[in-house]
Amino acid sequence: MPDSLHLQELTPDNFDAAVDLKVRPDQEHLVSPVVKSIAEAYVHPGVAWPRLVCDGDEIVGFLMAFFDIDWTGEGVDFRSGLWRLNIADGKQGRGYGRFAVEALAAEIRRRGGTRLTTTWHAEADGPGDFYLGLGFRPTGETSGGQTVGALELA
């Protein structure tokens, strides 16, 4: 992977470019648009961690993470993980998604976490193979009709 890959905070200067980021048309039903993620980050400021995935100065993707959320609402199962991942149309298959997940895993480790949780649509055209290829394993749970997977960060 190029050394120029990095995560970047959203700013007024990159907001329009972030909102303009689109996945392939055949994937639009699988992931919410970036503008929705930014709105969710605004209303969940203590939970959401939105970042742009950049290759040098070029924005190639968007991720939004969550840290230490009460997964079941019962105060006993706190999780951190990937809430949203959008890699731009024409930029997929170049390692940007892998980089984003690995960068998030490093951030979770930095915060003392040992597990990364995410969800995905289990449809044939969904991202399940991508996540399984990164080492995620289904937990047997579903959330919002999606498969829940976890990656151990030992």
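In which strand does Arg84 lie? Arg84 lies in strand 4, residues 78–87. The model is predicted: local features need pLDDT of at least 70, side-chain atom pairs count only at pLDDT 80 or more, and totals for chains, interfaces and linings use all residues. Residues are numbered from 1 along each chain as its sequence is written, and side-chain values use heavy atoms, with hydrogens and water left out.

View A. Strands (E, at least two residues) and helices (H or I, at least four) are DSSP runs, numbered from the N terminus. Arg84 has 10% relative accessibility and counts as buried. Buried means under 20% relative accessible area, exposed over 50%, and partly exposed in between (1.4 Å probe, protein chains only). The Arg84 side chain makes a polar contact with the side chain of Ser37, at 2.6 Å. A polar contact is a pair of N or O atoms within 3.5 Å; within protein, one must be able to donate a hydrogen and the other to accept it, and residues adjacent in sequence count only if both atoms are side-chain atoms. Leaving aside neighbours within four places in sequence, Arg84 is in contact (heavy atoms within 4.5 Å) with Val31, Ser32, Ser37, Glu40, Phe62, Leu63 and Met64.

**View B. Aromatic pairs.** A pair of aromatic rings is described by the distance of the centres and the angle of the planes. Rings of Phe, Tyr and Trp (its six-membered ring) pair if their centres lie within 6.5 Å; planes under 30 degrees apart count as stacked, over 60 as edge-to-face and the rest as tilted. The count comes to five aromatic pairs. One of them, Phe66 with Trp71, is tilted, at 6.2 Å centre to centre and 35° between the planes. Phe66 is buried at 6% relative accessible area, whereas Trp71 is partly exposed at 22%. Trp120 and Tyr131 have ring centres 5.4 Å apart and planes at 20°, so this pair is stacked. Trp120 belongs to strand 5 (residues 115–120) and Tyr131 to helix 4 (residues 128–133), 11 residues apart. Both Trp120 and Tyr131 are buried. Trp120, Phe130, Tyr131 and Phe136 form one aromatic cluster.

View C. Strand 6 (residues 137–143) pairs with strand 7 (residues 146–152) in the antiparallel sense, over four bridges. Two strands pair if DSSP finds at least two bridges between them. Thr142 has Thr147 of strand 7 as its bridge partner. Two residues lie between the strands, and Gly144 takes a positive phi near 60°.
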